[in-house]
Amino acid sequence: DLEDFTLSRNGTPISLETATLMGSGSNYVLGNLSSLTNSEGNYVLTLRAEESGIESELGSKLKADVLEDWLFSSTTLVTTGSGRNRTLAITDTSQPGPSNTNDHIELRMDLDNPGNLLVTYEGRTVSTSANGLSSIVVNTGTGDDTLVLDLENGPLPFLITFNGGTGGNDTLQIKNFDDASDGFTAYTVNYANPTDGNVQFRSGQIVTNTLIFTGLDPLTIDGTPTDIIFNLPSKADTDV
């Protein structure tokens, strides 16, 4: 019966009260899930073994939980190029989900697999090879999108571009800037306008990495740099 099933999205339980269970013998269909699984995320459907009473015709009981998991996401990861000029594009394609979903994407190096990059999106983390990777482009849609660059596991030695898209309140967060392994001591933020520009990470006066951004509202960088430079647009404005 329905009590033998549990459903979760990104680790959060979802009630199955409105679901239906039809069938007989060894064949059943769990239906009416469209309203429960119409949001992007990582879903896990579990059929429990303990206390389910499920057994074969010979009396052999179900010994372990049965899990079915799937990712519902309009975000794609595509790598192009060859050699040392490979580009990873992380894109909200608006298919199969709506284009105004609030994407949360996080990038950090993979300590367990040296030379790999960890990409977290829609509640799922994947490890992808960074061999020959020279640039990363993140294109999000019209929602309130967030890109997090976590430097805790070391620097992200790529040219990174974050296109926040139109509409929404898009956020760029740079975490663990002052970790000893990242090699950065300062940064410069160059603004073309209030929402577009770039961040240059520096070791002293030497630029080691550059991050380009468009269509952002807030930009947050945590840490204790020794020097920060803001180059503002050449127009009349008020800056706080």
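**View 1. Strand β18 in the lining of the largest cavity.** In this predicted model, strand β18 (residues 206–214) contributes 3 residues to the lining of the largest cavity, which is the largest share of that lining. The lining as a whole is made up of Leu149, Leu151, Leu156, Phe158, Ile160, Phe184, Phe201, Asn209, Thr210 and Leu211.

View 2. Rolling a probe the size of a water molecule over the atoms shows where empty space is left. When the whole structure is searched, 1 cavity of 30 Å³ or more is found, and the volume of the largest cavity comes to about 70 Å³.

**View 3. The pairing of β9 with β13.** Strand β9 (residues 104–109) runs in the parallel sense to strand β13 (residues 146–150), and the two pair over 4 bridges. Within this pairing, Leu107 has Leu149 of β13 as its bridge partner, and Leu149 is also one of the residues that line the largest cavity.

**View 4. The open sheet around β9 and β13.** Strands of a sheet pair through backbone hydrogen bonds, either parallel or antiparallel. Here 6 strands form an open sheet of mixed pairing, in the order β11-β10-β9-β13-β15-β19. Because β11 (124–129) and β19 (219–221) stand at the edges with a single partner strand each, one side of each is left without a neighbour in the sheet. On average, and with direction ignored, neighbouring strands of this sheet are turned by 15 degrees against each other.

Methods: Residues numbered from 1 in each chain as written. Predicted model: local features only at pLDDT ≥ 70, side-chain atom pairs only at ≥ 80, totals over all residues. Heavy atoms only, no water. Pairing = 2+ DSSP bridges. Axes fitted to C-alpha atoms, helices over the stretch in contact; angles between N-to-C directions. 1 Å grid on protein atoms, 1.4 Å probe; cavity = no way out; pocket = protein on both sides within 12 Å on 5 of 7 lines; lining within 4 Å. Points joined across faces, edges and corners; volume = space filled by probe spheres on them.
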